[in-house]
Amino acid sequence: MNLTLPPKPKNSLFKKLRAIVITISIIALYIWTFLGIDLDWEKAINKLIQQFDKVIPMLFSPDWSATGEVALTMLETIFIAFAGSLMAAILAVPLSFLAANNMMGKYLSMPGKWLLSAIRAFPDLILAILFVVAVGPNAFAGVLAIAIGSTGMLGKLFSEIIEQIDKDVVQGMQANGANRTQVLFYAVLPQIIPEFLSYAIYRFEVDIRASSILGIVGAGGIGTMIVFASANDNWSQMGTILVGIIVVVTVIDFTSAFIRKRIV
Amino acid sequence: MIEFKDVSLVYPNGTQGLKNVNVTINDGEFVVIVGLSGAGKSTLIRSINRLVTPTNGSLLVDDEDILKYRSKNLRKLRTKTGMIFQNYNLVKRSNVLKNVLAGRLGHTGTLRSIFNMYSKKDKSLAYESLKRVNIEEKVYNRADELSGGQQQRVSIARVLTQQPKYILADEPVASLDPPTSHQVMTYLKKINKEDNITTIVNLHFIDMAMEYADRIIGMRAGEVVFDGPASEVTEKTFEEIYGRSIREDDLRGGTES
Amino acid sequence: MIEFKDVSLVYPNGTQGLKNVNVTINDGEFVVIVGLSGAGKSTLIRSINRLVTPTNGSLLVDDEDILKYRSKNLRKLRTKTGMIFQNYNLVKRSNVLKNVLAGRLGHTGTLRSIFNMYSKKDKSLAYESLKRVNIEEKVYNRADELSGGQQQRVSIARVLTQQPKYILADEPVASLDPPTSHQVMTYLKKINKEDNITTIVNLHFIDMAMEYADRIIGMRAGEVVFDGPASEVTEKTFEEIYGRSIREDDLRGGTES
Amino acid sequence: MSKSNTKKPLKIKQPPDIYPTKTKAQVTIIFFAIVAMYLYSMNWTQRDMVGDITDAPANMVSVLGKFFPPNYSYWSNIWDEMALTIQMAVIATTIAAIITVPLALLSARNITTFKPLYYATRTFLNLLRTIPDLVLAVIFVGLFGIGLLPGILALIVFSLGILAKLISETIETVDMSPLEAMRASGGGTIQVIWTGLVPQVLPQFTSLVLYVFEINVRASVVLGYVGAGGIGQVLQSQLRYGHIAFPNAMAIIVLIFIVVLVIEYISSKLREALI
Amino acid sequence: ACGTSDEDDTQGTDGDAQGEDAAGETPEKIVMGFVPSQDSETIADTVQPLADRLSEELGIEVVGQVMTDYTALVEAMGANQVQVGFIPAFGYVQANQQYDVEVILKSIRYGSGTYRAQYVVRADSGIESLADLEGKVWAYGDQGSTSGYLFPANQLMAEFDIANPTDLETDFFSGVVQTGGHDNSVQAVYDGDADVATTFEDARTEIEENYPDVMEKLKVIGYTEDIPNDTISVTKELNDELVQQIKTAFLAFNDDEEMIAIMKEVYNWDAISEATDAEYKVVKDTYEIFKESLTN
Ligand SMILES: Nc1ncnc2c1ncn2[C@@H]1O[C@H](COP(=O)(O)OP(=O)(O)OP(=O)(O)O)[C@@H](O)[C@H]1O
Ligand SMILES: Nc1ncnc2c1ncn2[C@@H]1O[C@H](COP(=O)(O)OP(=O)(O)OP(=O)(O)O)[C@@H](O)[C@H]1O
Ligand SMILES: [Mg+2]
Ligand SMILES: [Mg+2]
């Protein structure tokens, strides 16, 4: 067998240029980053050596006397997060359809996508202010703030799920003579409901954790405890809070897995 | 009766899907369309229920030109033509009964169907159809729990429930092994005979086409290159359809389809 | 030479994949294995390169019992047995050349392969193999840009690049249309003859088996129920293998595969 | 062959219902449990509400109005902080992306067939994701003092949890057949992963990394609460000045929004280039 | 309430929380918002004892909420969602200017109704006076902190005739470090990351536990003017009679052993005393100066 090497690949100029541009931009980005940021490792490590004993052992020896308070606060947080996430899950459904390419068409879905993006751009702090003004500083303001914050995220995730549905099934229904609404209920919904549910439940978990917003609106919740525990350098209480969160999220994980099995 | 009168179809990207097709299919016939991949078999079949719309000519179903149809008429047309797909196109997460009842969608009001309020008659029709393809014991299984052959039988039951005048089947056995394929084809043939439903089937395999078809239509590059009873099919027919003898040792330079 | 000596295989879930198989395959043979879906064809073939491990008996390849092999020996064994799959098993996003070069993995060090540092010899070997299956002009196309038949030819080229002593092909043509299937089978047969590579092929279709095989092995429920030259195969052989005549109108209660 | 004779006659008298009674009952119970819990939560969270809900929209609109029009001239003051935020996100994302690779492989069921290792990694990642970003930030500030480092570390740990999970899920959905082919041609584990798996997950990997980059830019706002630097801290202190600074705050938000949109755009372009 | 109730409501947020428009009516429920001052050592996370006690005295239900950010509280008072607010001085000034919220009481800590900010430098730095600070690096918590930033900045601007805070940060000082908290500012000076820190008096004790030598290593070179303590303020919608009752009720706590103990322990307060808007003029002036630089 005579040895012939394969011919050299001939890439289009466009592709070559694109590869070069991408490579150069990435290198530039890193150079810019490392020039711009200067980390004082020595100081950080000194600080770590000095602080390690004060923080880590305390974290792992939770202050069990705070258990009652943490449990109560966790319960409050669960109620607030539950109401907020469920509200968000419901609000997100119509928005997600508006933002899905395959439901609205590429261009008509743009406003929906932008709206969802804009909602996500609002930081917790500002949402909190808005809702405190609306309904006063209380748990309900927390519910609303969580609901809106989560709607942005869930709407985006939901619309991505809708964009991934199996078109064949839709076509199967159309071939039966089904109209648009029927196609929606028979071909689209059965495909997306399970994913919607899992994301909604996942978001519920996130909302339980991301409860710093609740402190701002005076809704209590675990976020307030975190802020105060850190301000007072109470690391063993922080340990208790962590344990509380881990326990609750794990329990939710198991319950939701159970529910999902029934429904999906 | 279905009449293609000089029908052509050009896809938006310029591909010629159909080219001057002239074919008449009579009521009660069992027609098999064969041809290489990309020959236009699917395009032909999907024109009949307007899943794709030919760009030229006229296509008459029961003496009406369906190319002019808009949404309302379209639903009617689709209600009387049932379709069976290569990949069954069942809603995987719904149970068998719900999938079969979907065949009634065209006959059912939107609200009623949303709340699953089917009439007793519809439900027993669905159950009867399941019985006809011998799969009634899976009525509450989810579609994705069934084997390929079983899923295809469910999709036949769905079409039966629709009580169509025409059945279109786009490579209904391409995903199945030979014994199961024969079984599915046998069911289709049986329904064609018992209910006198005109049936049009796309197939890859010539031996199977020969066995079940009353009439074979051969396609190549969007054109009908053969049309006649199965008994008239010869070795030469294949050469025409496939553009070469299928046994040729086309070792070098054989083009891919 | 490959010898199955009373080989049995029980899958962890209790399915009996192989049952007391005794078969000897001589160098240079072209053997086709036929049988229903689930008969154990794949299991038999995959035992030979230890993608599955029989639970009983001994399996000798070139007079060594490969059932005792551990990682190092295993890699050697696999390097000398090339495999072709029904779905080509190409890396869809990689280009053809890269896919074909993967055949050299067993001969190449880990680091060299990670940095795509294949020797010149390997590269020309890969290109030669592509030429042999007549697809060298697609060398820089991505695998998913090719048609089914072309992809299968690339996977044959991959095996050729491996320079194996044995080729195992698990339903290499099940996803292809008839003319393309014949083309692929012809390439396999040609390689078998030209390079004297022992070739073992699983097939669903009996007509094709008869056409290409030197020898046919029929399997049913994990057992070898027929073993003999293609010329000895009769109608009765099929009945034995498939458990019934293949043309029977098994209308009701046919079991699903 | 003919199983029809042995088939049990079904007890259902026709016509059957769409769902078996048991399924219906279960779904109904779960549905009502959720509704009940929702009503209870709503009731409970509103117990301290004093005002009239009808005023709410007007109140909100009047406050929101104070944020507009955004004071874009304020941008000139915050380029540095914005840059810093992006730089922190770049570093955190890069490091997280590197650490993710082994973790994701270890927590993918189809790659790590050794069950104990798989479960151990899964559990570790689950625990990691349980910790709120605020707590992470607070702990790292406690450990390393105020500054960029704790911010970056919090971002790394936080995004690691998400990234490893998402990527391991991607890995679990890859087509295993090419990997089998590589193994059949004698490839070792690393070779098989490199040549069979990596090309399949690379586009997803890139887009997930960019997605996490976006999350990290947003998360810097939370980090601002604990003084871990970046644009969030500026936003925080601006809001403390009350109304007069609200337009400045809005300008910051718009800037973050633009940065995130740009990242989204780049990410979609990069994905196109890779797929 | 308190002389401002006759002013026009310019915010369009006139909805009385109880849905009754007459300013003379007594609400069924009072919401009391509490923001722990940043400028204090310990931070309480409950206001319940106070609320319960107040409720007893007034015979009206009182709900107490602790909030972690005073901007939200100020806005809530503006919408009359909160009627009684415990706000730090700077927040009060904003609330007063924007929503006519009126101060009625203030907290007394360490026997005083005011506190000060201090300038901390390293003892061996050679910095003796404020003038020596020129060209040095300045550490402060954040720009919204009254003692950490506003008052010292104001003082320096006045003393060295600097037009605005930006000039102060860039021209007078050679650099600034925003640390996020008073203890961090002290730490920054201790570690040598900054030359001077401005904090409340005496934030050095915050880190004394970890750095026992902090009192010797760092010294204070100056103080700002007195800053009024946290306020207890009410919205303009509350009727005068009720405001008077609230005032009396709070003042009565001073004579209640049990209440004093709680205030001491939980809020670090010694007592509560009357306050007028005039006492907060100094904060208002400071605020005015910064307003300029913020809006351009
Ligand atoms: N939506 C479409 N847009 C553009 N071209 C299309 C489209 N659908 C099909 N085609 C092209 O039209 C031609 C006919 O396709 P068609 O699907 O009808 O072939 P077929 O005979 O059904 O093939 P197969 O056996 O592979 O299903 C092919 O060249 C195909 O690539
Ligand atoms: N990994 C596995 N675990 C358990 N059972 C298996 C496994 N792989 C195959 N089997 C079972 O072993 C039997 C033989 O399977 P095998 O794949 O060898 O059949 P086959 O003849 O190749 O069928 P096909 O034509 O469908 O490929 C079947 O009953 C199959 O369900
Ligand atoms: Mg087709
Ligand atoms: Mg097999």
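In which order do the four strands of the open sheet in chain B come? The legends below start there. This is a predicted model, where local features need pLDDT of at least 70, side-chain atom pairs count only at pLDDT 80 or more, and totals for chains, interfaces and linings use all residues. Residues are numbered from 1 along each chain as its sequence is written, chains are lettered from A and ligands numbered from 1 in the order in which they are written, and side-chain values use heavy atoms, leaving out hydrogens and water.

**View 1. The open sheet of chain B.** The order is β2-β1-β4-β5, with antiparallel pairing. Strands are DSSP runs (E, at least two residues) numbered from the N terminus, and two of them pair if DSSP finds at least two bridges between them. At the edges sit β2 (16-25) and β5 (64-65) of chain B, each pairing on one side only.

**View 2. Zooming in on β1 and β4 of chain B.** Strand β1 (residues 2-10) and strand β4 (residues 56-61) of chain B are antiparallel partners over five bridges. Look for F4(B), which stands opposite L59(B) in β4(B).

View 3. A polar contact here is a pair of N or O atoms within 3.5 Å. The side chain of S42(C) has an N or O atom 2.5 Å from an oxygen atom of ligand 2. Y11(C) puts a polar side-chain atom 3.4 Å from a nitrogen atom of ligand 2.

Technical notes
A polar contact is a pair of N or O atoms within 3.5 Å; within protein, one must be able to donate a hydrogen and the other to accept it, and residues adjacent in sequence count only if both atoms are side-chain atoms.
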